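Subject: Structure handover: cavity and pockets

Hello,

Here is the structure I promised to pass on. Please open it alongside this note, and then read on for what turned up.

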Amino acid sequence: SDLRSVACRFVAKQHFGLAHLRPLLMQPPVRGKVAMGLDPGIRTGCKVAVVDETGRVLDTGVIFPLPSHGKVAQAKETVKRMIQKHRVGIVAIGNGTAGRETEQFFVEVMKELALGDALKYMVVSEAGASVYSASKLAAEEFPQFDVSLRSAVSIARRLQDPLAELVKIDPKAIGVGQYQHDLKAAELDAALGGVVEDCVNSVGVDLNTASAPLLRRVAGVSAATAKNIVAWREEEGAFTSRAQLKKVKGLGPKAYEQCAGFLRLPEAKNRLDATAVHPESYAAAKALLDACGYTAAEIGTDKLADLPGVVRAKGAGTLCEALGVGEPTLNDIVAELCKPGRDVRDSLPKPLLRSDVMGLDDLKPGMELTGTVRNVIDFGAFVDLGVHQDGLVHVSQISDKFIKHPREVLKVGDIVRVKVLNVDTAKKRIALTMKGVPQQN
């Protein structure tokens with residue numbers, strides 16, 4: 001039974017966690033824009049929510065964009081009014097029932113507004129949105145909103161910061177694989193929870209803006225401690241240093257040692273509090289700066305651009321001996337001093353925001369297009385091209401070299417260049433290839 005337990009954890013983490021969950025969580029955020037979320041529906045209409053750059057709800061509503069309701073003109077006016085009033089820059093459209101029809105409706109709205117690149121949209125996965133909207137957490141966060149409107153808020157926030165929003169949902173509800181229920185629930189929970197925690201810790205968390213659900217995914221922070229951090233912040237005001245965490249009820253020395261490096265304060269007086277450098281390494285970081293002729297005030301500025309070169313010139317081994325740290329720690333400190341609080345997601349392919357949509361009839365063999373990988377299966381990958389049907393890249397068409405499984409090359413969320421091989425409009429099938437097509441870096 002112990003061997004089976006280990007096997008379950010391995011399968012859950014490798015197959016469900018890393019292949020399905022991690023790509024969703026680690027999608028790069030779209031920062032600094034007011035967002036609108038459209039949660040498609042047929043009988044009850046399409047729910048609309050507008051949130052500001054920080055995710056605060058500005059406006060909500062319900063429209064009926066499908067011709068069958070006879071209220072398309074009214075729906076367009078409502079959406080246009082919201083966009084113009086709040087200066088919406090990005091729109092997230094859920095990929096559920098009537099999602100394609102809602103996308104076509106919104107493209108018509110965009111053409112009539114004629115805002116150009118000032119307004120773009122993206123179809124996002126709405127997996128788990130209904131679970132979140134009916135949860136106790138959502139009720140506490142939005143007691144004034146109907147369940148259906150909460151899901152529209154969640155969809156809008158998923159484009160602004162997917163990780164911060166998706167951590168509020170039970171990982172199993174995000175849709176991490178059709179065979180997930182074949183495994184023991186406890187093993188699946190442990191493995192998926194580990195993947196979520198790893199993603200959160202890799203990215204880091206702003207101590208003054210993070211919600212309790214996000215904080216509790218930080219190493220060393222329990223659900224109760226996360227609530228205590230938020231409560232302390234509300235009573236005492238914003239944190240000004242990492243050391244103040246020691247004053248939070250329930251956060252002892254061991255917990256502080258585990259979590260401090262993942263909690264960041266961009267506006268802190270001590271510039272090291274904005275980095276991933278652990279407080280235990282502050283002395284080493286300051287000594288490194290002194291040895292290389294820099295000051296703490298220069299952290300994150302262009303003046304530190306030559307720091308890696310200075311470290312190489314002085315010799316990493318010599319500096320490690322003088323500072324009392326290992327070479328991996330030294331390299332991490334140097335990287336953080338040059339780019340404090342950097343988001344690892346920024347190095348990943350940016351979300352593919354669209355300003356138009358084509359029809360199936362517009363596709364012709366030989367056309368090269370950019371699309372987003374929506375699903376990876378044993379025999380290939382489905383790519384969203386912005387038409388009403390995802391195209392299939394067969395495993396034999398993914399790479400110029402032989403691969404056993406598509407996951408060797410692709411994962412959900414990847415932005416790829418593809419060439420159209422064949423279009424069957426009657427059966428609504430699109431055959432694609434990546435062979436011989438240069439990929440964007």
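By class, 14 nonpolar, eight polar and 16 charged residues line the largest pocket. Please keep in mind that this is a predicted model.

**Largest pocket**

The space in the largest pocket comes to about 1300 Å³. Its lining counts 38 residues. Closest to the centre are Asp161, Ala164, Asp206, Thr209 and Ala210. Which elements give two or more residues to this lining? Four are helices: H6 (147–160), H7 (162–166), H9 (212–215) and H10 (223–236). Strand S6 (205–206) joins them.

**Second largest pocket**

This one has a volume of about 650 Å³. Its lining holds 32 residues. Leu24, Asn95, Val124, Ser125 and Arg374 sit closest to the centre of the second largest pocket. Several elements supply two or more residues here. The helices are H1 (2–25), H3 (99–113), H6 and H7. The strands are S4 (90–94), S5 and S8. By class, the lining of the second largest pocket splits into 16 nonpolar, 10 polar and six charged residues.

**Cavity**

How many cavities of 30 Å³ or more does the structure hold? There is one. The volume of the largest cavity is about 50 Å³. Its lining is made of Glu103, Tyr121, Met122, Val123, Leu352, Arg354, Thr372, Arg374 and Asp384.

Two strands each supply at least two residues of the cavity lining: S5 (120–124) and S8 (368–377). Which of the elements gives the most? S5 does, with three residues. Sorted by class, the cavity lining has four nonpolar, one polar and four charged residues.

Thr225 lies in helix H10. Is Thr225 buried or exposed? Thr225 has a relative accessible area of 6%, so it counts as buried. Leaving aside residues up to four places away in sequence, Thr225 touches Val248, Gly250 and Leu251.

That is what I have for now.

Best wishes

Technical notes:
Residues are numbered from 1 along each chain as its sequence is written. This is a predicted model: local features need pLDDT of at least 70, side-chain atom pairs count only at pLDDT 80 or more; totals for chains, interfaces and linings use all residues. Side-chain values use heavy atoms; hydrogens and water are left out. On a 1 Å grid over the protein atoms alone, a cavity is a set of points where a 1.4 Å probe fits but cannot get out, and a pocket is an open set with protein on both sides within 12 Å along at least five of seven lines; lining residues have an atom within 4 Å of a point. Grid points are joined across faces, edges and corners, and a volume is the space filled by probe spheres set on the points. Ala, Val, Leu, Ile, Met, Phe, Trp, Tyr, Cys and Pro count as nonpolar, Asp, Glu, Lys and Arg as charged, and the others, Gly among them, as polar. Buried means under 20% relative accessible area, exposed over 50%, partly exposed in between (1.4 Å probe, protein chains only). Contact means heavy atoms within 4.5 Å.
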